[in-house]
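I opened the model to look up how its pieces pack. Notes follow in the sequence I took them.

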Amino acid sequence: MKLKEDILYIFSGTFLMAVGVNSFFESHDLVIGGASGLAILLSSFIYGASGIRIPLWALFFFINAPLFLAGFFALGFKKLKNSFFSTILLSFMLWATGFLPEFETDLPIAALFGGIIEGAGLGLVLRTSFTTGGSDLLATIINKGLPKYSVSFLILIIDYVIIALGFFEFGSINTFYAIISVYIAVKVIDFVVLGPGLAKAVYIISDKSEEIGKAIMSGFERGVTTLKGRGEYTGKDKNIILCVVSKKQVVGIKRLAFDIDPRAFMIITSASEVTGEGFIPPQK
């Protein structure tokens, strides 16, 4: 059942992402970062220089091809196989939805609905812990050589650079609305992946709780509390990890915990208010 759900999420998500890119972003010259944003930028530049219009799906594929080659040597095939599948599928969806009509509307509406559709699509893909290559993959490769910079920080820098290049190609107004669209997409991604709530409280019950706790502290820079519990069915004492994290960190922590212990039991709840270090400062 889980595999069927993942396939449904990936197909639906990549389809929505392709619709957002083809029907809203490309037609309105909105560069929102990532490989798709870079493809829009290159398509416009090549067309302006030579009069040749290269389809977005082809540019998206050729942007990712050298990244996957570099990633194969830096990270290995095991860490790339999921991203490779979803990236190929997104390239196909960009080709398939290229036949859909462009939505002829003004920039604010294009930025709004493009951001909603793109965010919903990427959120569905991220629910499966897959990615679609691009800046995520490049950031992971750079992080391998420069571990002092986190992957999330590197993704932010890469996307900012791509958006800034869009400023020189399309001007300030389009860049302004592209940034608005990115903001909307991020909010929609959070909602699709994690649902409503400001933060998430994660409880993990595992025989490898010490190893998981240390990995969370080193990899996510979040504090971990170990609670003592008892399984009434087995009669055995259990360690329960409690960790409060931002919504964006939940997918990574789930992946980390189950990589260490596939038999771990996890509960994730919404925390409506979290006061203390790393969240809301205490009121004096």
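Entry one, a bridge. I looked up Ala201 and found that its bridge partner in β3 is Val244. The model is predicted, so I treat each value as computed from it. Strand β1 covers residues 199-205 and strand β3 covers residues 236-245. I counted six bridges joining β1 to β3, and the two run antiparallel.

Entry two, the sheet. Which order do the strands take? I read β2-β3-β1-β4, four strands in an open sheet with antiparallel pairing. I noted β2 (225-231) and β4 (265-271) as the edge strands, each pairing on one side only. On average, neighbouring strands here are turned by 25 degrees against each other, direction ignored.

Entry three, helices on the sheet. I found helix α9 (residues 209-220) lying across β1 and β3. Helix α9 runs at about 10 degrees to β3. Helix α10 (residues 250-260) lies across β1, β3 and β4. I logged about 165 degrees between α10 and β4.

I turned to α3 (residues 56-75) and α6 (residues 135-145), whose axes come within 10 Å. They cross at roughly 35 degrees, and the crossing is left-handed. Which residues make the contact? From α3 I listed Leu67, Phe68, Ala70, Gly71, Ala74 and Leu75. From α6 I listed Leu137, Leu138, Thr140, Ile141 and Lys144. By class, I have eight nonpolar, two polar and one charged residues in this contact.

Conventions. Residues numbered from 1 in each chain as written. Predicted model: local features only at pLDDT ≥ 70, side-chain atom pairs only at ≥ 80, totals over all residues. Heavy atoms only, no water. Axes fitted to C-alpha atoms, helices over the stretch in contact; angles between N-to-C directions. Left-handed = near helix turned anticlockwise from the far one by under 90°. Contact = heavy atoms within 4.5 Å. Nonpolar A, V, L, I, M, F, W, Y, C, P; charged D, E, K, R; others polar. Pairing = 2+ DSSP bridges.
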